[in-house]
Amino acid sequence: MAIVIHSSAIVDHGAALGDGTRVWHFAHVCAGARIGKDCSLGQNVYVGNDVVLGNQVKVQNNVSIYDAVTLEDEVFCGPSMVFTNVYNPRAAVTRKHEYRRTLVRRGATIGANATIVCGVSIGEYAFVAAGAVVNRDVPAFALVAGVPARQIGWISRFGERLDLPLPGAAEGEGNPGSKVEAEARCPHTGDLYVLHDGVCHLERAALQS
């Protein structure tokens with residue numbers, strides 16, 4: 001499948017784009033960027049030099065992906081969400097050697113107008129609610145919201161809430177010794193998820209008809 005680049009977009013020489021990737025109005029992809037197959041970069045998107053995007057990544061309008069950010073396959077970036085790469089920026093102080101790397105794992109969603117403070121990892125299929133400010137790692141399948149972001153639930157690969165307790169719920173919030181064991185099925189797909197010691201994982205995919 002052909003790569004589509006709108007006439008108003010700028011893709012610097014040296015950038016690598018996979019088959020089927022689409023770059024829309026007024027976007028700018030820098031020379032060192034590495035972008036996989038079947039990605040979509042919306043209007044006014046910026047992709048820096050030291051950036052890696054996997055396959056089937058969707059970046060909505062007005063998102064800037066600065067150096068030191070990696071997005072794995074099937075990551076969704078909502079409109080106007082923000083990545084950073086310097087923790088304590090000053091206009092008069094050069095800190096390019098202090099960039100903190102940010103990793104967003106496969107299938108994760110970052111909602112509109114959310115902010116990802118640099119140096120964190122967002123787990124597989126995690127969901128960051130619109131407007132949240134993430135300043136710490138987000139576990140796989142976790143649903144986080146607020147400023148700063150806090151976990152409010154669990155979510156399936158399909159994007160449905162899972163009926164699983166939050167870590168610490170069994171023995172009191174904030175108790176590091178809490179061990180919650182539970183399981184739940186995605187209401188849409190029937191996939192089975194298991195929670196053990198605060199870690200959620202897909203135990204078994206439902207049989208497909």
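Which residue in E22 is the bridge partner of Ala142? I began my notebook with this question and looked up the pairing. The bridge partner of Ala142 in E22 is Trp154. I note at the outset that the model is predicted.

**Entry 1: the sheet around E21**

I next followed E21 and E22 as a pair. The two strands run antiparallel and are joined by 4 bridges. They form a hairpin, with 4 residues between them. In the turn I found Gly146, which has a positive phi of about 100 degrees.

I then looked at another partner of E21. Strand E19, residues 127–128, pairs with E21 in the parallel sense, over 2 bridges. Here I recorded that Phe127 has Leu143 in E21 as its bridge partner.

As a reminder to myself, strands of a sheet pair through backbone hydrogen bonds, in either the parallel or the antiparallel sense.

I also checked one pairing elsewhere in this order. Strand E4 (residues 22–23) and strand E7 (residues 40–41) pair in the parallel sense, with 2 bridges. Arg22 has Ser40 as its bridge partner in E7.

**Entry 2: the nonpolar core**

Which residues have the most contacts inside the largest nonpolar core? I found that they are Leu71 and Phe83, in a core of 48 residues. The elements that give two or more residues to this core are strand E9 (51–53), strand E12 (69–71), strand E21 (142–145) and E25.

I listed the surroundings of Phe83, leaving aside neighbours within four places in sequence. Its contacts are Ser64, Ile65, Tyr66, Val69, Leu71, Cys77, Thr102, Val104, Ile110 and Ile116. Leu71, named above for its contacts inside the core, is one of these residues.

**Entry 3: Leu164**

I turned to Leu164, which lies in the loop between strand E23 (161–162) and E24. Is Leu164 buried or exposed? With a relative accessible area of 9%, Leu164 is buried, because the cut-off for that class is under 20%.

Not counting residues up to four places away in sequence, Leu164 touches Trp154, Ala182, Glu183, Ala184, Tyr193, Leu195 and Cys200. Among them is Trp154, the residue that answered my opening question as the bridge partner of Ala142. I also looked up Cys200 in relation to Leu164: the two are 36 residues apart along the chain, and their C-alpha atoms are separated by 9.0 Å.

How many salt bridges does the structure hold? I recorded 5 salt bridges, and I examined several of them individually.

Asp191 forms a salt bridge with Arg157, and the closest N and O atoms are 3.1 Å apart. Asp191 lies in the loop between E24 and E25, and Arg157 in the loop between strand E22 (150–155) and E23, so the pair ties together parts that are 34 residues apart in sequence. Asp191 counts as buried at 4% relative accessibility, whereas Arg157 is partly exposed, with a relative accessible area of 39%. Leaving aside neighbours within four places in sequence, I found that the contacts of Asp191 include Arg157, Ala184, Leu202 and Arg204. Ala184 is also one of the residues that Leu164 touches.

I then looked up Asp50, which forms a salt bridge with Arg101, the closest N and O atoms being 3.0 Å apart. This pair links distant parts of the chain, 51 residues apart: Asp50 is in the loop between strand E8 (46–47) and E9, and Arg101 is in the loop between strand E14 (82–83) and strand E15 (102–104). Asp50 counts as partly exposed at 34% relative accessibility, and Arg101 counts as partly exposed at 47%.

Glu98 is partly exposed, with a relative accessible area of 34%, whereas Arg95 counts as buried at 18% relative accessibility.

Conventions. Residues are numbered from 1 along each chain as its sequence is written. This is a predicted model: local features need pLDDT of at least 70, side-chain atom pairs count only at pLDDT 80 or more; totals for chains, interfaces and linings use all residues. Side-chain values use heavy atoms; hydrogens and water are left out. Buried means under 20% relative accessible area, exposed over 50%, partly exposed in between (1.4 Å probe, protein chains only). Contact means heavy atoms within 4.5 Å. A nonpolar core is a set of buried Ala, Val, Leu, Ile, Met, Phe, Trp, Tyr and Cys residues joined through side-chain atoms within 4.5 Å. A salt bridge is a side-chain nitrogen of Lys or Arg within 4 Å of a carboxyl oxygen of Asp or Glu. Two strands pair if DSSP finds at least two bridges between them.
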